[in-house]
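Hi,

Here is the structure I promised to pass on.

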Amino acid sequence: MKTKLLLTTALFAALTVSAQAKTLVYCSEGSPEGFDPALYTAGTTFDASSKPVYSGLVQFKPGTTQVEPDLAESWEVSDDGMEYTFKLRPGVKFHSTDFFTPTRDLNADDVIFTFDRQMNKDNPFNAYVEGASWEYFSGMSMPDLIKSIDKVDDLTVKFVLNRPEAPFLANLGMDFGSIMSKEYADKLDAGGMKSDLNQKPIGTGPFQFVAYQKDAVIRYKANPDYYAGKQAIDDLVFAITTDNSVRQQKLLAGECHVMPYPNPADVQSLKDNPDLTVMEQEGLNVGYLAYNTMVAPFDKPEVRKALNMAINKQAILDVVFQGAGKIAKNPIPPTMWSYNDAVQDDPYDPEAAKKMLADAGVSDLSMKVWAMPVQRPYNPNARRMAELIQSDFDKIGVKAEIVSYEWGEYLDRSKAKDRDGAVLLGWTGDNGDPDNFLAVLLGCDAVGGANRAQWCNEEFNNLIMKAKSGTQEERTKLYEEAQVVFKREAPWATIAHSVVHMPMSAKVKGYVMDPLGGHNFEGVDIEE
């Protein structure tokens, strides 16, 4: 007998629409940190901001990592790879809401504003949110890469670079490239309400923001002026449900139509349910434990290596992933080009780990292991994983305390350069390029941001910076060498690459799984 769950007042209100309207409810796994995607790196935030609300100059063709036009209908690249000229679509409308009515269409000023605020400290929106670090933009060395962004005319924008950058076009398809309305930003600035840019978003995307009740529900409605046509779904609702078992109950009770990150042990029963569809694909992801290499004794590679050898990754795969994944040895997934399969993983060898710690002069070590409070594609149960690691460390005489925080706070605190211990995190690729893993997560420019290991290794960094240009064959050799350096220096314990499952009502049609891990409802319909 199915358990009928009572809808929260907020969700019930969110679902109160006209009888003719089509409503799709997505049981999301967490709350967004904000609605300005360039400020953040979490997929939960992108799902709620860039995916429904915004568009970029380019986008990835659904279900692929292939770049295709979005707000830019075409582009040209100079022969030397130093200039990218984008021709914008004419007549693209920004959202018209009860808090903003645009007076003009999208133009080059909006594109320039979007990126200038991330690189120009004099831009009034450069530091409009406390602690704004523009984590992606900075972590990918964009401030050093972009020489200028020039307005050729109202519908033409030229990016001039300081050096060729092979992944530049794909990078612009990432969430930090969501194009903002300069007119809206100027209005907020004039009214002393700049923070609303991160709370009441205005974009050009398929859905427009209606309301957000923190930690409960987000409401969107179809953008009637969307350049690619109005969506079949009239109302899109994010019912924020942090517990995966509760999300599953809501799906079975018909209270939501789509849910992410089911408990791996429940996947088969979901597949057996005739009222559901369960999609699956190998994730372009990696789950890891990042040591703080700026804090002793984790500043010593031999200490990090010893801890890695203490972790029984096969047990983690069996218990946490229920076999829906594979052990990770490199910081990029095996489905990505340049993956170095010749790299040897650290063996599981507690006795050798104990000896290595003793040889390094480390005894009576106590540390923290940080466990995420939410399910992620690369880690379906961080708390359980942390408990297994805690037990493994105990066997070599290392005492580990498990700590956690609310998701937004977890992400923020884990960036600290003086953070204690090691943090469980992971990554799903944003654009299909190795640079998006190796530079964003492990490059020197990302220290204090997405580089949670706070690891700046000159040899590694020189390799990945050199690999930003050249042919794919040349870049592959450099990335393969960089993976060897990574494994030798061990800033992370690489844990696993997962298989991602996506359960939904059989009534949902047109949903396409994103190899980059996002949840996008453009083009989705639901049968009545």
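Counting a disulfide as a pair of cysteine sulfur atoms within 2.5 Å, there is one disulfide here. It joins Cys444 and Cys456, whose sulfur atoms sit 2.0 Å apart. The Cys444–Cys456 link is right-handed, with 90° about the S-S bond. Cys444 and Cys456 are twelve residues apart, and both lie in the loop between helix 16 (435–442) and helix 17 (458–466). Helices (H or I, at least four residues) and strands (E, at least two) are DSSP runs, numbered from the N terminus.

Before you read on: this is a predicted model, where local features need pLDDT of at least 70 and side-chain atom pairs count only at pLDDT 80 or more, while totals for chains, interfaces and linings use all residues. Residues are numbered from 1 along each chain as its sequence is written, and side-chain values use heavy atoms, with hydrogens and water left out.

Two other cysteines: Cys27 is buried at 1% relative accessible area, and Cys256 is buried too, at 2%. (Buried is under 20% relative accessible area, exposed over 50%, partly exposed in between, with a 1.4 Å probe and protein chains only.)

Then there's an open sheet of four strands, in the order 1-10-9-8 with mixed pairing; two strands pair if DSSP finds at least two bridges between them. Strand 1 (23–26) and strand 8 (207–213) are at the edges with a single partner strand each, so one side of each has no neighbour in the sheet. Strand 8 pairs with strand 9 (residues 217–222) in the antiparallel sense over six bridges, and Ala211 stands opposite Arg219 in strand 9.

Cheers
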